[in-house]
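Welcome! Take a moment to look over the chain, and then let us walk through its parts together.

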Amino acid sequence: MREGPDIARIASLVGDPARANMLNALMGGTALTASELALEAGVSLPTASSHLSKLMEGGLLTLASQGRHRYYGLAGPQVAGMIEAITGVAEAVGPKRVRPGPRDGAMRIARVCYDHLAGEQAVAMLDRLVEKDILLRDDREIRLGPSASSHFAAMGIDVDAKPRRPVCRACLDWSVRRSHLAGTLGAAILDKILLEKWARREKDSRAVIFSPPGKQAFERVFLS
């Protein structure tokens, strides 16, 4: 037996057509359920579960749970780079992924998730707060940065209190399939959005509808 990495083992995992389709479907950076990956691979759910178990055991996938849902994603950029390189060599295009989450456009943009903002606007807000080092993100853990206290105090949000639940928590967004901000800070931000009348709750819906001036104000405060 030759010493060094076991290339054949990884190649056998990627080389199966159903597993290759699953891996290609995850290249967009969006986490997918076993049912969605079964559809992408063109196999039954029990068969898909078997393939996913092998990919998990091989270290190519990660698994995140959100409530009763379980989402699979690529294990990291190194795995994505491998798939991209193989795709380039093969000069092939992977199958198109089904669009996940709510079909209602308003729900995709912004909605209430328990007590905090979710949707595309919420994901963009968290990304911007992390880019500015106001919040610090390590894998799925989010914590306050050095300037967070003064930054949020300027908008009337106290992050120095000691609540029973976390101030910051990552919550996997079921429409974008990336994290938005939960915890007491996420709840306080949604309260501010509604208090300032930047947006309103849609009747009989979880959708949050921003007015044109409100959208500008939200983007100025949280996305600029």
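Helices (H or I, at least four residues) and strands (E, at least two) are DSSP runs, numbered from the N terminus. Two strands pair if DSSP finds at least two bridges between them. This is a predicted model, in which local features need pLDDT of at least 70 and side-chain atom pairs count only at pLDDT 80 or more, while totals for chains, interfaces and linings use all residues. Residues are numbered from 1 along each chain as its sequence is written, and side-chain values use heavy atoms, with hydrogens and water left out.

- Strand 1 (residues 61-66) runs antiparallel to strand 2 (residues 69-74), and 6 bridges pair them.
- Leu63 has Tyr72 in strand 2 as its bridge partner, and Gln66 is bridged to His69 in strand 2.
- Between the strands of this hairpin there are 2 residues, and Gly67 takes a positive phi near 65 degrees.
- Ala64 also belongs to strand 1.
- Which residues does Ala64 contact, leaving aside its neighbours within four places in sequence? They are His69, Arg70, Tyr71 and Leu172, where contact means heavy atoms within 4.5 Å.
- From Ala64 to Ile109 is 45 residues in sequence and 23 Å in space, C-alpha to C-alpha.

- Strand 5 (residues 135-138) pairs with strand 6 (residues 141-144) in the antiparallel sense, over 4 bridges.
- Opposite Arg137 you will find Ile142 of strand 6.
- The two strands form a hairpin with 2 residues between them, and Asp139 in the turn has a positive phi of about 60 degrees.

- In domain 1, 9 residues are in contact with 7 residues of domain 2.
- Domain 1 and domain 2 bury about 590 Å² between them, with 50% of it on carbon and sulfur atoms. Buried area is the accessible area (1.4 Å probe) that two parts lose on being put together, summed over both.
- How many salt bridges are counted between domain 1 and domain 2? The count is 0.

**Salt bridges**

- Side chains of opposite charge can pair when their charged atoms come close.
- The whole structure holds 9 salt bridges, each a side-chain nitrogen of Lys or Arg within 4 Å of a carboxyl oxygen of Asp or Glu.
- In one of them, the side chains of Arg165 and Asp115 meet at 2.5 Å, N to O.
- Arg165 lies in the loop between helix 8 (148-153) and strand 7 (169-172), and Asp115 in the loop between strand 3 (111-113) and strand 4 (116-118), so the pair ties together parts that are 50 residues apart in sequence.
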